[in-house]
Amino acid sequence: MTDPLLSASAVRISGLDVVLGGTPVLRGIDLDVAAGEWVTVIGPNGAGKSTMLRAVGGLLAHAGSISLFGKPLSRLRRRERARLVAMVAQSPAVPPGMAVLDYVLLGRTPYIPALGRESAADVAVVHQTLASLDLSGFAGRRLETLSGGERQRVFLARALAQGAPLLLLDEPTSALDIGHQQEVLELVDRLRRDRGLTVLASMHDLSVAGEYADRLVLLDGGRVAAVGPPPEVLTVDLLAHHYRAQVKVIAGEHGPLVVPVRRAGLTPPG
Amino acid sequence: MTVRPSDVIAKGSPADPREDPSRPGRPPAPAKLRPGWLAAGVVAVVLAALAGLALGPASLPFGSVAAELADLLPGVHIDSGLTESQANIVLQLRLPRVVLALLVGATLALAGGCYQGVFRNPLADPYLLGVAAGAGFGATAAIAAGGGAAAGSVTPSLPVPLAAFTGALAAVALTYLLGAAGGRDRSPATLLLAGVAVSAFFAACQTFLLQRYADSLQLVYSWLLGRLATSGWREVQLLLPYAVFAAAVVLLLRRELDVLSLGDDEAAGLGLHPQRSRYLLVVAASLGTAAAVAVSGLIGFVGVIVPHTVRLLAGASYRSILPLSVLFGGAFLTLADLAARTVSAPAELPIGVLTAFLGAPFFVVVLRTTRRVEL
């Protein structure tokens with residue numbers, strides 16, 4: 001539930017349309033995300049989840065309006081925008097030979113003068129960020145030598161070093177096993193509470209999405225099909241309709257748990 | 001089958017020098033150009049230049065050559081002990097050639113390092129966007145149009161460099177226009193593919209001309225192999241402004257190249273304008289390359305060998321790769337030129353052949369020590 005003290009708007013989207021390569025991908029999206037809130041976008045493949053995140057990150061041309069913390073996205077300069085919103089893409093590039101420290105330091109780019117170099121303060125922020133993500137021991141390691149879970153934490157560290165109050169996470173855990181999935185999501189939850197961050201994420205795993213988010217947004221065919229607290233969105237009927245999936249929804253301690261079950265009427269072969 | 005450039009990563013490169021298990025308490029420092037490497041680069045340039053000036057058919061003592069050079073400085077008067085003809089060899093014959101080798105080597109290595117960053121491909125070379133084919137066509141056209149007029153002289157007259165320069169720029173401009181034809185999405189891959197198409201087109205034009213004007217074959221061939229034989233300072237004068245411009249732009253933007261290595265979305269998310277940065281970098285590097293090719297022909301592999309070796313030795317950040325490529329590129333080509341004119345003296349090996357002899361095996365080593373990873 002949203003804390004009324006934090007109800008200032010972090011993201012306000014109204015009438016958002018995005019067309020990619022001639023195909024409308026998002027149509028008439030309206031959404032408000034309060035500061036400090038965690039909102040997760042769910043929906044079937046191709047529903048427009050990543051596109052919505054990239055649009056909020058200012059990476060796509062769009063019609064309609066998006067504002068971040070009350071400022072219209074279209075009026076923000078690139079560097080200003082980079083200080084307000086940081087994004088972790090679904091599978092970020094791993095620059096060959098780059099050390100973790102240097103990678104995370106690139107997150108300070110919006111604070112470094114165009115032709116200048118990083119200050120001692122920037123390096124200090126990076127060391128603090130690495131420490132808070134338990135990565136200090138990895139600072140000198142090359143990125144490509146890390147495991148998937150370690151890498152995901154480093155990607156997160158780069159976004160956090162950006163010092164932006166809004167974090168966009170596109171499928172942050174799709175490449176991780178369930179143990180590392182939990183580790184990363186607990187970490188994000190801890191960080192957003194410690195630092196008062198707003199999180200807008202996209203996820204495939206519905207149970208996990210519901211356990212961590214304050215609200216879910218169900219996208220289908222580029223439109224918002226449902227929005228609300230997890231128990232209102234993760235219902236048998238909505239999921240059957242929009243995912244064409246047959247599921248059982250079980251009440252869990254932190255939210256509904258969605259379990260796919262064999263479709264009725266289909267018998268196993270043989 | 002396509003392989004994304006970003007899928008190819010180096011393996012087996014030495015451990016990061018900052019990763020020192022014997023000193024666990026000290027936090028690692030960010031990548032930067034280390035003074036030790038900078039000093040090594042300057043020393044390499046000085047030694048290569050002295051060797052290039054002192055050695056040859058008439059070998060002279062290094063000390064005297066250094067003294068003769070110092071004597072050129074205003075307010076310094078040193079008697080080098082060289083005879084007048086020896087001093088003429090050093091100052092009139094060898095000095096312009098050494099300076100040209102330094103400039104061409106520095107420009108090609110810098111442009112190669114820049115392209116490798118812009119295209120996120122460790123094997124990108126400065127001729128990628130059609131510079132080589134365009135210059136080849138321009139030079140062939142000039143030589144063919146001159147008919148037999150220039151025949152007999154291996155050093156082409158000035159119009160050939162200018163024609164090569166024009167051809168190179170036309171090819172890169174065409175590559176850029178075609179690469180942009182896809183609309184807003186001017187991705188590195190689109191540019192590379194446009195470069196392939198433009199190169200093929202100009203190569204075909206060149207072949208056509210060679211068929212029509214078979215008597216120009218010999219001259220064109222020797223131009224293509226690359227050479228640093230000068231006729232004084234004219235070539236240096238032609239190249240210098242472009243080399244300086246390319247170096248200034250690329251070195252100023254070297255930190256942005258590190259950010260670009262994250263990908264376009266990430267770079268934009270960090271407040272950069274990735275397409276604009278890439279455009280500036282490509283224009284600067286291409287201008288430098290075109291000018292270098294115009295005065296020296298096609299000297300291959302310098303743009304791959306040097307930045308790659310520097311990357312392996314001094315770290316993967318473009319903040320050190322690019323400045324060190326300038327220094328070691330200049331030194332490398334000066335030594336390669338020295339070898340080219342001494343190993344089979346009095347005959348001269350085409351320098352492009354020599355760099356290819358060194359570069360081709362190097363290329364194989366690089367290929368063998370890189371692997372594809374699924375990300």
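This is a predicted model: local features need pLDDT of at least 70, side-chain atom pairs count only at pLDDT 80 or more; totals for chains, interfaces and linings use all residues.
Residues are numbered from 1 along each chain as its sequence is written, and chains are lettered from A and ligands numbered from 1 in the order in which they are written. Local features need pLDDT of at least 70 and side-chain atom pairs count only at pLDDT 80 or more, whereas totals for chains, interfaces and linings use all residues.

**View 1. Helix H11 of chain B, residues 274–296.** Helices (H or I, at least four residues) and strands (E, at least two) are DSSP runs, numbered from the N terminus. Of the 23 residues of H11(B), 17 are buried (20 or more other C-beta atoms within 10 Å of the residue's own, C-beta atoms being placed from the backbone). Just after H11(B), Gly297(B) has a positive phi of about 75°.

**View 2. The contact between chains A and B.** Chain B gives 30 residues and chain A gives 34 residues, where contact means C-beta atoms, placed from the backbone, within 7 Å. On the chain B side, strand E1 (8–10), helix H9 (254–260) and helix H10 (264–269) each supply at least two residues. The largest share, four residues, comes from H10(B).

**View 3. An open sheet of four strands in chain A.** The order is E2-E1-E4-E5, with antiparallel pairing; strands pair if DSSP finds at least two bridges between them. Strand E2 (23–34) and strand E5 (71–72) of chain A are the edge strands, each pairing on one side only. Eight bridges join strand E1 (residues 9–20) of chain A to E2(A). Val19(A) has Pro24(A) in E2(A) as its bridge partner.

Conventions
The expected span of a helix is 1.5 Å times one less than its number of residues. A residue is buried if 20 or more other C-beta atoms lie within 10 Å of its own, exposed if 12 or fewer, and partly exposed in between; C-beta atoms are placed from the backbone. Two residues are in contact if their C-beta atoms, placed from the backbone, lie within 7 Å.
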